[in-house]
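Hi everyone, thanks for coming. Please have a look at the picture with me, and we will walk through a few of its contacts together.

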Amino acid sequence: MSTDQPSGPDQPNGTDRPSGRKASVGDKKLTIAALVIMNMVAVISLRGLPAEAEYGLSSIFYYVFAAVFFLVPVSLVAAELATGWPEKGGVFRWVGEAFGSRLAFLAMAMLFIEVTIWFPTALTFGAVALAYTGPDKGLDAQISGKRFFVLGVVLVVYWIATFLAFRGVRSFAKVAKWGGIIGTIVPAGILIVLGFAYVIAGNTPKIDTRWGELVPDFNNFSNVVLAASIFLFYAGMEMNAIHVKEVKNASRNYPIAIGIAALGTVAIFVLGTLAIAFVVPHADINLTQSLLTAYDDMFDWAGIGWAAPIVAVALAVGVLAGIVTWVGGPSSGLLVVAKAGYLPRFFQATNKNGMATHIMYIQAGMVTFLSTLFVVLPSVQAAYQILSQLTVILYLIMYLLMFASAIHLRYSQPNRPRPYRIPGGAVGMWIVAGAGFIGALIAFVLSFIPPSQISIGSSGVYVGLLMGLTVLFVALPLWVYAVRKPHWRDPDTEFAPFTWQTEGHHPGLPSTSRATTGELLAESPESGT
């Protein structure tokens with residue numbers, strides 16, 4: 001999940017998409033190249049590369065596996081769902097159409113909570129980057145490992161970002177755009193070029209480069225555990241699925257664009273990870289510091305050590321700019337769901353810029369609470385790993401529901417107009433969405449197992465925290481849904497009823513209608529939620 005190019009308040013990672021419309025003849029169509037760039041920028045982030053550098057050449061296997069069983073399925077499934085049900089709601093609507101509003105609310109809550117928990121991990125990377133802007137590298141490394149320093153940076157920056165987000169998306173849209181270029185694209189190019197130049201120049205890489213190392217050691221089960229987090233690297237591709245309606249000859253060109261974007265994304269992740277593994281010894285790899293250490297070593301080797309603080313600042317700018325926009329994005333998606341009657345009126349408060357102020361304050365409170373875990377766990381790295389794994393677990397719950405919904409809707413609403421449809425009929429859907437579901441399920445199970453490569457203190461505490469927090473965050477939205485009240489619904493909500501509500505039956509029952517939601521509402525104007 002990219003920290004540098006979020007989807008923005010109107011499209012928070014697929015949670016609040018604008019209503020679809022038919023393109024007119026004069027509308028400008030997206031080219032394959034444009035769609036490729038949009039998808040790559042939306043997904044690529046550098047902060048997680050050290051986690052996979054632990055595996056050396058075998059990291060290639062994990063990246064390819066996650067791409068085949070997650071990245072491509074997410075992209076194609078989201079394209080079909082976004083074009084078939086383009087009304088506001090995104091994942092909430094897709095799951096609700098298939099399984100009803102209870103599980104839809106759970107999926108939306110998982111996305112919102114996951115993003116909230118993700119903030120401390122992303123800002124931890126930004127805090128470490130800031131620490132490495134000093135002239136003394138030894139002192140920089142010591143400061144970056146100080147828990148109270150990291151906690152202070154996380155809280156100060158997040159609360160500043162929250163107040164900036166209150167001003168609305170236009171106030172920081174340009175910052176987010178340029179932050180993605182300055183903080184991700186440019187540093188990624190530098191990392192890859194210098195990392196491979198280091199080896200080409202005759203230096204001995206710090207990993208075993210024999211071909212046999214490409215295949216992981218499956219006898220050592222712990223090697224697979226840390227790699228489960230790689231699935232979240234590819235999260236976010238679904239947020240651009242709505243643009244499939246703007247692609248000329250979408251049934252042909254969209255899969256081509258997705259294939260190219262997937263290959264490009266995998267290439268950058270693989271080459272960037274190997275660049276770190278080439279330069280940083282395995283024993284010195286640290287999840288929060290190794291990327292900066294790799295830049296330091298590469299710049300020293302190239303004789304341009306003065307550039308290290310500049311790249312550190314660039315990385316920090318990329319993270320911080322992304323945080324500002326992500327603060328407002330998911331909260332706006334939850335606001336749409338709240339006004340549809342699924343959260344009390346308190347959560348529906350907005351300011352003059354249309355930003356969900358009360359939701360954002362609650363989100364900031366959750367970030368503050370979770371960030372304090374940094375001062376009670378044995379190390380910043382352990383806290384980073386626990387929070388990172390928790391984001392994976394919650395996000396994967398949402399994706400499991402999304403894949404299952406796509407399969408179910410092929411049977412419950414077979415005639416629904418879908419401008420883009422996964423080829424191969426029901427078999428094609430089962431293969432694509434089934435692969436995504438199985439891959440996500442495997443990663444979900446592995447995410448609870450402590451990695452042996454990282455000092456996380458007590459394994460029991462680690463597993464207990466993950467399981468306890470997962471149960472808490474799943475139970476909370478289910479409880480809220482169970483106690484919801486009719487008066488919570490805003491009469492001016494823009495959220496259209498689900499198809500099964502409009503037709504007056506229960507979710508999951510087969511519908512033979514060939515009409516879109518708009519057409520159904522026109523036929524039954526009194527339908528409501």
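Let's begin with a term: a salt bridge is a side-chain nitrogen of Lys or Arg within 4 Å of a carboxyl oxygen of Asp or Glu. The idea behind it is simple: side chains of opposite charge can pair when their charged atoms come close. How many salt bridges does the structure hold? There are four.

Before we visit them, a word on what you are looking at. This is a predicted model, in which local features need pLDDT of at least 70 and side-chain atom pairs count only at pLDDT 80 or more, while totals for chains, interfaces and linings use all residues. Residues are numbered from 1 along each chain as its sequence is written, and side-chain values use heavy atoms, with hydrogens and water left out.

Now, please find glutamate 80. Its salt bridge partner is arginine 418, and the closest N and O atoms of the two are 3.0 Å apart. This pair links distant parts of the chain, 338 residues apart: glutamate 80 sits in helix H3, and arginine 418 in the loop between helix H15 (380-412) and H16. When I say helix, I mean a DSSP run of H or I with at least four residues; strands are runs of E with at least two, and the numbering starts from the N terminus.

Are these two residues buried or exposed? Buried means under 20% relative accessible area, exposed means over 50%, and partly exposed is in between, using a 1.4 Å probe and protein chains only. Glutamate 80 has a relative accessible area of 2%, so it is buried. Arginine 418 has 9% relative accessibility and therefore counts as buried. There is also a network of salt bridges here, linking Glu80, Arg410 and Arg418.

Let's stay with H3 and bring in its neighbour. Helix H3 covers residues 59-84 and helix H16 covers residues 425-446; their axes come within 8 Å and cross at roughly 130°. The axes are lines fitted to C-alpha atoms, for helices over the stretch in contact, and the angles run from 0 to 180 degrees between N-to-C directions. H3 and H16 are therefore oblique to each other. On that scale, angles under 35 degrees count as roughly parallel, over 145 as roughly antiparallel, 65 to 115 as roughly perpendicular, and the rest as oblique.

Which residues of H3 meet H16? They are Phe69, Pro73, Leu76, Val77 and Glu80, and on the H16 side you can find Met429, Val432, Ala433, Ala435, Gly436 and Gly439. Contact here means heavy atoms within 4.5 Å. By class, the contact of H3 with H16 has eight nonpolar, two polar and one charged residues. For those classes, Ala, Val, Leu, Ile, Met, Phe, Trp, Tyr, Cys and Pro count as nonpolar, Asp, Glu, Lys and Arg as charged, and the others, Gly among them, as polar.

Next stop: helix H4. Arginine 93 forms a salt bridge with glutamate 97, with the closest N and O atoms 3.6 Å apart. The two are four residues apart in H4 (residues 91-99), so they are separated by about one helical turn. H4 is mostly covered, with eight of its nine residues buried. Glutamate 97 is one example, buried with a relative accessible area of 1%. Leaving aside neighbours within four places in sequence, glutamate 97 is in contact with several residues, including Trp85, Leu409, Phe498 and Trp500. Just after H4, glycine 100 takes a positive phi of about 100°.

For contrast, look at aspartate 208 and arginine 210. Their side chains meet in a salt bridge, at 2.6 Å from N to O. Aspartate 208 has 31% relative accessibility, so it counts as partly exposed. Arginine 210 has a relative accessible area of 56% and is therefore exposed.

One more helix pair. H5 (residues 101-131) and H14 (residues 357-371) pack at an angle of about 50°, with their axes 9 Å apart. That makes H5 oblique to H14. The residues of this contact divide into nine nonpolar, three polar and no charged.

Finally, find alanine 261, which lies in helix H11 (residues 250-279). Alanine 261 is buried, with a relative accessible area of 0%. Not counting residues up to four places away in sequence, alanine 261 touches Val36, Asn39 and Met40.
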